[in-house]
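I opened my notebook to look around a protein fold, one step at a time. Here is what I looked up, in the order I went.

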Amino acid sequence: MRKAIAHLQAADPVMDGIIRRVGAYRIEFRDPGFETLVRSIVFQQLSGRVAQVIFGRLVAAVPEGLLTPENILALRPARMRKLGLSKQKTAYIRDLARHTRGGTVDFAGLPALPDAEVVERLTIVKGVGVWTAHMFLIFALRRTNVLPTGDLGIRSAIQKAYGLAELPNPGEIEALGERWHPYCTVAAWYLWRSLEGGL
């Protein structure tokens, strides 16, 4: 990571300032499996605290707390709704379970695929868009050069750090991010952290 941070600091003075304020790079990874993607779906558009409660209920509702495609599909949709999942998210999680059980989403094979192909495979699932696929690439597959241009936190951090009048669009973020290659993930993590605690 020292090489990545040195590259970002040399390539971009604004990023250098963010890195100095935020400090050490401490990204936390998740297992690159089915449960992690279920968790991502549960967490979409919810506050972390609420999503954590609902996710905890879902884990408690399956045998031995194991979130597998079979255990999800054994739950009735009405039961999933009672756990706090919306009708849409219930449908999305069940669709993911069916795709995983059927082999169209193969978590064991994803690490060998290039980023664009991982995005293509995961977005087959209803409710899994490019943003969710990007989060999976970053936090589960540990890819180092992912720039989630549609992420509101990234857009807000760039607007603030670079003194822009408006939120940047994906094209503007990609142009700015050219100087961060091949360490866009590291830049993204620092941008997220820059919004915390008045940094």
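Before judging any residue, I noted the terms: buried means under 20% relative accessible area, exposed means over 50%, and partly exposed lies in between, with a 1.4 Å probe and protein chains only. I also reminded myself that this is a predicted model, where local features need pLDDT of at least 70, side-chain atom pairs count only at pLDDT 80 or more, and totals for chains, interfaces and linings use all residues. Residues are numbered from 1 along each chain as its sequence is written, and side-chain values use heavy atoms, with hydrogens and water left out.

**Entry 1: Ser86**

I found Ser86 in the loop between α6 (77-82) and α7 (87-102). Helices here are DSSP runs (H or I, at least four residues), as are strands (E, at least two), numbered from the N terminus. I then looked from Ser86 to Ala140: they are 54 residues apart along the chain, and their C-alpha atoms are separated by 25 Å.

**Entry 2: Ile54**

Next I went to Ile54, which sits in helix α4 (residues 48-61). With a relative accessible area of 8%, Ile54 counts as buried. What does Ile54 touch, not counting residues up to four places away in sequence? I listed Val42, Leu46, Leu83, Gly84 and Leu85, where contact means heavy atoms within 4.5 Å. Leu83 is 29 residues from Ile54 in sequence, yet the two are 6.3 Å apart in space, C-alpha to C-alpha.

**Entry 3: α3 and α7**

I followed α7 to its contact with helix α3 (residues 34-43): their axes come within 10 Å and cross at roughly 160 degrees. Axes are lines fitted to C-alpha atoms, for helices over the stretch in contact, and angles run from 0 to 180 degrees between N-to-C directions. The crossing makes α3 roughly antiparallel to α7, a label for angles over 145 degrees. On the α3 side I noted Phe34, Leu37, Val38, Ile41, Val42 and Phe43, which meet Lys89, Tyr92, Ile93, Leu96, Ala97 and Thr100 in α7.

**Entry 4: the whole chain**

How many helices and strands are there in the protein? I counted twelve helices and zero strands. Along its principal axes the C-alpha trace spans about 55 × 35 × 30 Å. Buried residues make up 45% of the 199 residues. Finally, among contacts between residues at least 6 apart in sequence, 63% join residues at least 24 apart.

How values were computed:
Angles under 35 degrees count as roughly parallel, over 145 as roughly antiparallel, 65 to 115 as roughly perpendicular and the rest as oblique.
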